[in-house]
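Subject: A structure for you to explore

Hello! Here is the structure I promised to pass on to you. Please open it beside this email, and then read on for what was found in it.

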Amino acid sequence: MARLGDRVRQVFTERFGDAPSALVRAPGRVNLIGEHTDYNDGFVLPIAIDRAVWFAVRPRDDGRVRVYSLDYDQETRFGLASFEKTSDAWDEYLKGTAWALQQAGHTLRGFDGVLSGDVPHGAGLSSSAALELATARVFAHLSSIDWHPATMARLAQQAENDWVGVNCGIMDQLASAAGREGHALLIDCRNLETEAVPLPSNTAVVVLDTGTRRGLVGSAYNDRRQQCDQAAEALDVQALRDVTVEALEQHADTLPALTYRRARHVVGENRRVLEATDAMRRHDPVTLGKLMDASHDSLRDDFEVSSDALNIMVTCAQQQPGCYGARMTGAGFGGCAVALVDVDAVDAFTEAVVSAYKEKSDNDPEVYVCHASDGADVVSS
């Protein structure tokens, strides 16, 4: 990762004729368990990963932003005094973050920048949140804005909801803003309270990229959110967070079948997150793995956001020695699965999963052994 930071710094110097004044990074995330619960005021348990967006910057005094993306080989320019959404391209995440910060009353300083990231796009690892938090960290650093992770995560979420047009919850942004090395982050998505929970010793988090991609804007993601709102309204609660498994069962015969299944996933998933947290506190990877398996079954059958590729990948992972559990991760419909694996079995596990998956699908997978990292920060200034 440091090599990518060095590369961004080098290109900045070549492009703008001088060294940057600061280097900023913001990580992607993988969610161990707790999918589609965040926008239901529920609980999630992600880790910030050691893949990130890196941003080399230098302030400007003319109120303009000029940024070159190494990944897209494109440059964007806009003035902070007046700008508008013009596309669905990568630079809208920059503009949306600037807009949200200004809506919150902050006066922003412009900058020149070069950015690049190694968070795979569209894989369910929150490359968009990493870009938003890197941008927010840049503006906060250059504009002397106090950095409060939860506040900045909320503003980044507002950028994605109201500017980009993806009705996401808070998990991705808060994990990127407040991650802690070696720990997962239990997030209460209602009050944004967080607790760092140590990962079980002698385990590794392995992300399994199916090689398939999905887009969130205009996808079934927004449909699922609407269905959850309908379920909460039918159950007369503020959010599905307020419903217990036992209470939901009492309404099994009165709710429409689809509404009931959507609610059953969210309500059960909230319970699984809290049980998983307890298992991690006990350093119990076996129970954690079983809960991950159950989460995938629920996402596949009740919430219906998995895919053939994800189901194949999860099954391939679950069949390998040393795998405690596996599940799809992210919004679904493609992207990645995540597995909890005994650290001594990682090499054999990854080789076997890749081979088995290739035999059963037409896709080329990628495997990322991830380490829990700290959240967005200024690496040097």
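What radius of gyration would a compact globule with 381 residues have, and what does the chain have? A compact globule would be near 21 Å, and the chain has 21 Å, which agrees. (The radius of gyration is taken over C-alpha atoms, and the globule rule is 2.2 Å times the number of residues to the power 0.38.)

Before the details, two notes on how to read this. This is a predicted model, in which local features need pLDDT of at least 70 and side-chain atom pairs count only at pLDDT 80 or more, while totals for chains, interfaces and linings use all residues. Residues are numbered from 1 along each chain as its sequence is written, and side-chain values use heavy atoms, with hydrogens and water left out.

**The whole chain**

The C-alpha trace spans about 60 × 50 × 40 Å along its principal axes. You will find eleven helices and twelve strands in the chain (DSSP runs numbered from the N terminus: helices are H or I with at least four residues, strands are E with at least two). Of the 381 residues, 59% are buried (buried means under 20% relative accessible area, exposed over 50%, partly exposed in between, with a 1.4 Å probe and protein chains only). Take the contacts between residues at least 6 apart in sequence: 72% of them join residues at least 24 apart (a contact means heavy atoms within 4.5 Å).

**An enclosed helix**

Now look at helix α5, residues 171-178. Seven of its eight residues are buried, so the helix is largely enclosed by the rest of the structure. The buried ones are M171, D172, Q173, L174, A175, S176 and A177. Their cover includes β1, β2, α3 (127-142), α4 (149-164), β6 (183-188) and β7 (194-198).

H36 sits in the loop between β1 (22-33) and β2 (43-59). Is H36 buried or exposed? Its relative accessibility is 4%, so H36 counts as buried. The H36 side chain makes a polar contact with the side chain of Y39, at 2.7 Å (a pair of N or O atoms within 3.5 Å; within protein, one must be able to donate a hydrogen and the other to accept it, and residues adjacent in sequence count only if both atoms are side-chain atoms). Leaving aside residues up to four places away in sequence, H36 touches several others, including Y221, H265 and F303.

D347 lies in helix α11 (residues 346-360). With a relative accessible area of 63%, D347 is exposed.

Happy exploring!
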